[in-house]
Amino acid sequence: MSIKVNYNNMMSTVIGDKGITESEYASYAKFAKAAHAKVEEGRGNAMQGWMDSPYNQSDVVKRIKATAARIRKSCDYFVVLGIGGSALGPIAVFTALKHLYYNDLPKRVRKGPKFYVLDNVDPERMNALFDVIDVEKTVFNVITKSGATGETMSQYLIVMDMLTKRLGDKAKDHIIATTSEFKGNLIKLAQKEGFETFYIPEGVGGRFSELSPVGLLPAAVVGINISELLKGARDMDKKCKKGDLWRNPALAIATLQYISIKSGKNIGVIMPYADSLKYIADWYAQLWAESLGKEVDNDGNTVNVGQTPVKALGVTDQHSQVQLYNEGPYDKVIAFIEVGGFRSDVTIPDGCKEFPDVNFLCGHSLGELMNSELFATRYTLTQYHRANYTIYLDTVDEYHIGALLYLMQLQTAYAGAMLNIDAYNQPGVEGGKNATYALFGRQGYEAKAEEIRSAKPDDEKYII
Ligand code: PA5
């Protein structure tokens, strides 16, 4: 396992009184151990089914591989319809592990279908997708754990209608449903229409579902080795088996973040230095935000906790965000993701000897430049006494991505236990969903519709 967490720059020995002293950190050992024990106690139960995902899927993995092989041979396009946890993981893993211009490669190089994820209901994007795919050569993977999410079900209805008009009875062969076996409408529709179906285990919530069929089927379809993803996750799980803050990297991050949140660092920047990991930051932002941002704790106290995740990309955002990180308020922890090596590199050629201010670049590679800029940004942040840590990945491959996802899931679960909140619910999202249902006249939401109708209208004086 070549994933390491370096948190030197969180410590007061490096960043002075903005950092954490060793004795303060050590004083959290028992607390961290208890959070670890609580998470371990829940392993496999209730909404912690995701902790079993690396171990209990050999049958479904076989079936996913067989389905993926068939799709790779017979289809030109594979489209995921989903949102939130049902879309961010597939996007993140695809971008991390496939060619960065995968869809533009010729078919003989791709060896599989073009890949799209429709994770919004923007009509222009939906129409744009239909401009570039041929639905008759497409498989649509409808992913929704609840089987009820309005956005995903709207997409499904549009696609199913189009397929039926074009293909009649054969429409069903172009849809794969990934959903709960027991709940929601998608499973009922799947049974009625005869769609091929993969189940999301009950104990696996959306944002913890990338290593379930939610993520594994799309990954396998584009040719990602899903067994290696799961192996990486398993090995990370083993690495985090003990509740020892000095050895368990996920527990170390959760503890450092917990201490930081307590001292007012309410923003957690995640900044990979690799384009391939850009969407891992998006996936992580949902995991961290939706899991930890809670109004009440497990004892019913109003706590309004959480840490706002901010996605940034090195080096791009050095020219956008880093001024603020260096000189703005001391309210952030910056987590870098560093990769040991890029899968391909480009040498900056000679050609500017007469301009020494440009010539210094020549002969170096872009990979070297990227990692030197990471070093320089981290060094400067540290000079500014800004709390930061680095997750170091030897290489970006299936094994390390599986391990990284699992590390982040564990870190979030530990942080949830430390904050004494339910990391697996999202009551704050329901308000908006219910209001939308009411606006659309859904049965059972009449009272909400009435409440919205009788709400005080906007005051004209504040509209200019
Ligand atoms: O993490 C979660 O549970 C949510 O973000 C869901 O993934 C999101 O709301 C989509 O839900 P569903 O998969 O039920 O359509």
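Reader: Which strand does Pro309 lie in?
Author: Pro309 belongs to strand E10, residues 308-311, where strands are DSSP runs (E) of at least two residues and helices are DSSP runs (H or I) of at least four, both numbered from the N terminus. This is a predicted model, in which local features need pLDDT of at least 70 and side-chain atom pairs count only at pLDDT 80 or more, while totals for chains, interfaces and linings use all residues. Residues are numbered from 1 along each chain as its sequence is written, and side-chain values use heavy atoms, with hydrogens and water left out.

Reader: Is Pro309 buried or exposed, then?
Author: Pro309 counts as buried because its relative accessibility is 18%, and buried means under 20% relative accessible area, exposed over 50% and partly exposed in between, with a 1.4 Å probe and protein chains only.

Reader: And what about Leu369, buried or partly exposed?
Author: Leu369 is partly exposed, with a relative accessible area of 30%, and it lies in helix H16, residues 366-383.

Reader: Switching to the ligand, how many residues surround it?
Author: There are 13 residues around the ligand, the closest being Ser86, Thr144, Ser146, Thr149 and Gln286, where being near takes a heavy atom within 4 Å.

Reader: How far is the side chain of Thr149 from a ligand oxygen?
Author: An N or O atom in the Thr149 side chain is 2.5 Å from an oxygen atom of the ligand, and for Glu290 the corresponding distance is 2.8 Å.

Notes:
A polar contact is a pair of N or O atoms within 3.5 Å; within protein, one must be able to donate a hydrogen and the other to accept it, and residues adjacent in sequence count only if both atoms are side-chain atoms.
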